[in-house]
Structure formats: structure tokens, C-alpha cells
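Dear colleague,

Please find below the structure that I am handing over to you, followed by an account of what was found in it.

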Amino acid sequence: MIRLAGSVFLIVCGWLGGHTAAQKQKERLRQCMLLESYLNNLRAELEYTHAPFEQIARNLAENPIFQNFPFARFCGQNTLGYPFFLLFRDGIGQNQKLFGSEICGCLELLSGQLGNYPVESQAAAIELCRLRVAQITDALRGKTAQNAKLYHSLGLLGGAAVVILLW
């Protein structure tokens, strides 16, 4: 009876491990989609209002869409009066593991242009970065669906393999 309970426990633990890995992949995809939307809103606000980036970032951080988006909250909390591009760059560094190196490289290039060029050039740079993030997100969407199934299966089969080895 104890062996059966232990076997079920190991299989469930394996499945939960796979489920956790799949959820991390899905969260990364969700955050990348939010980044794409954030960049689109940042560009639109800049073109429409010509407001300083600090004010735009504060308004976007208060938007309910970006409530669970740590990058937007970080960029909107400019309490020390740093220039926006420095805060943007620090936000990239804090979320590098979440976004991945390819998206962070694109954002790094964008950060050097924010606040340093005419509004039209900045809006064009934001749009170019958004399009690149959209391409990466589309590729990630297909991989995430495939990897989620893989992680669930590997977790379940890994738990079953441990049960077989210990039986």
C-alpha cells in the first residue's frame, strides 16, 4: 500500500514539475505580448501628445492592461528623476531573463534613441522595435505550444520512470 501511494506521489510530482515548466513558458509568451502592446502604446502616446517619456510611462503604468507587467511598472516609477532612457535600460536589465537575449538586444538599441532624437525618429524607432518583438513573439508562440505539451509529457513520463526504477 505504501509503495502504491509513493508511486502515485512520484508520478504526480513529475507531472507538476512538467506543468510548472510549461507555465513558465506561457508566462514568458504573455510578457512578450504585453511588451509588444506596451511599445505600441508608447509610440501612439508619443505621436499624439508629444509628452515627455516620463509622463507617458507613468500613464501607461497606471493602465489596467499593464497592471501585471513589471517592466511597465518599473519604467513608470521614476521617483528619482532619472532620464527615461536610463530607467528603460535598467528595466531591460531586470527583465532580461524573462524577455530573452534577442528581445533585450532590440530594446537596448531602442533605449539609446529615446529622448535623444526628434519625435518622428523616436516613434519610427519604437515601431521598428515593436515589429521585431512581434516577429520574435510569433516564433515564440509556436514553440511555446509545442514545448508545453513536451514538458507535460516529460514530467509525467519522468515520474513514471522513477517509479519503475524504484519499484
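I begin with helix 4, whose buried residues are Phe84, Leu87, Phe88, Gly91 and Ile92. Viewed down the axis of helix 4, these buried residues fall within an arc of 145°, so they line one face of the helix. They pack against helix 1, helix 2, helix 3, helix 5 (96-99) and helix 6. Please bear in mind throughout that this is a predicted model.

Phe88 deserves a separate word. Leaving aside residues up to four places away in sequence, Phe88 touches Leu39, Phe71, Cys75, Leu107, Leu110, Ser111 and Leu114. Phe88 and Tyr38 are the residues with the most contacts inside the largest nonpolar core, which has 34 residues. At least two residues of this core are supplied by each of helix 1 (2-49), helix 2 (53-62), helix 3 (70-75), helix 4 (84-94), helix 6 and helix 7. Helix 1 provides the largest share of the core, eight residues.

Helix 2 can be described in the terms already used for helix 4. The buried residues of helix 2 are Phe53, Ile56, Ala57, Leu60 and Ala61. Seen down the axis of helix 2, they fall within an arc of 135°, so they too line one face of their helix. Their packing partners are helix 1, helix 3, helix 4 and helix 7.

Two helix pairs were examined in detail, and helix 6 takes part in both.

On the helix 4 side, the residues in contact are Phe85, Phe88, Arg89 and Ile92; they meet Cys104, Leu107, Glu108, Leu110 and Ser111 in helix 6. By class, the residues of this contact divide into six nonpolar, one polar and two charged.

The second pair is helix 6 (residues 101-111) with helix 7 (residues 119-166), whose axes come within 10 Å and cross at roughly 180°. Helix 6 and helix 7 are therefore roughly antiparallel as well. Here Glu102, Ile103, Cys106, Leu107 and Leu110 in helix 6 meet Ala125, Ile126, Cys129, Arg132, Val133 and Ile136 in helix 7. This contact has nine nonpolar residues, no polar residues and two charged residues.

Two loop residues remain to be mentioned.

His50 is found in the loop between helix 1 and helix 2. Although His50 is not a glycine, it has a positive phi of about 55°. With a relative accessibility of 49%, His50 counts as partly exposed.

Gly100 lies in the loop between helix 5 and helix 6. Its relative accessibility is 11%, and Gly100 therefore counts as buried. Gly100 and Cys32 are 68 residues apart along the chain, yet their C-alpha atoms are separated by 9.4 Å.

With kind regards

Technical notes:
Residues are numbered from 1 along each chain as its sequence is written. This is a predicted model: local features need pLDDT of at least 70, side-chain atom pairs count only at pLDDT 80 or more; totals for chains, interfaces and linings use all residues. Side-chain values use heavy atoms; hydrogens and water are left out. Axes are lines fitted to C-alpha atoms, for helices over the stretch in contact, and angles run from 0 to 180 degrees between N-to-C directions. Helices (H or I, at least four residues) and strands (E, at least two) are DSSP runs, numbered from the N terminus. Angles under 35 degrees count as roughly parallel, over 145 as roughly antiparallel, 65 to 115 as roughly perpendicular and the rest as oblique. Contact means heavy atoms within 4.5 Å. Ala, Val, Leu, Ile, Met, Phe, Trp, Tyr, Cys and Pro count as nonpolar, Asp, Glu, Lys and Arg as charged, and the others, Gly among them, as polar. A nonpolar core is a set of buried Ala, Val, Leu, Ile, Met, Phe, Trp, Tyr and Cys residues joined through side-chain atoms within 4.5 Å. Buried means under 20% relative accessible area, exposed over 50%, partly exposed in between (1.4 Å probe, protein chains only). The arc is that of the directions from the helix axis to the C-beta atoms.
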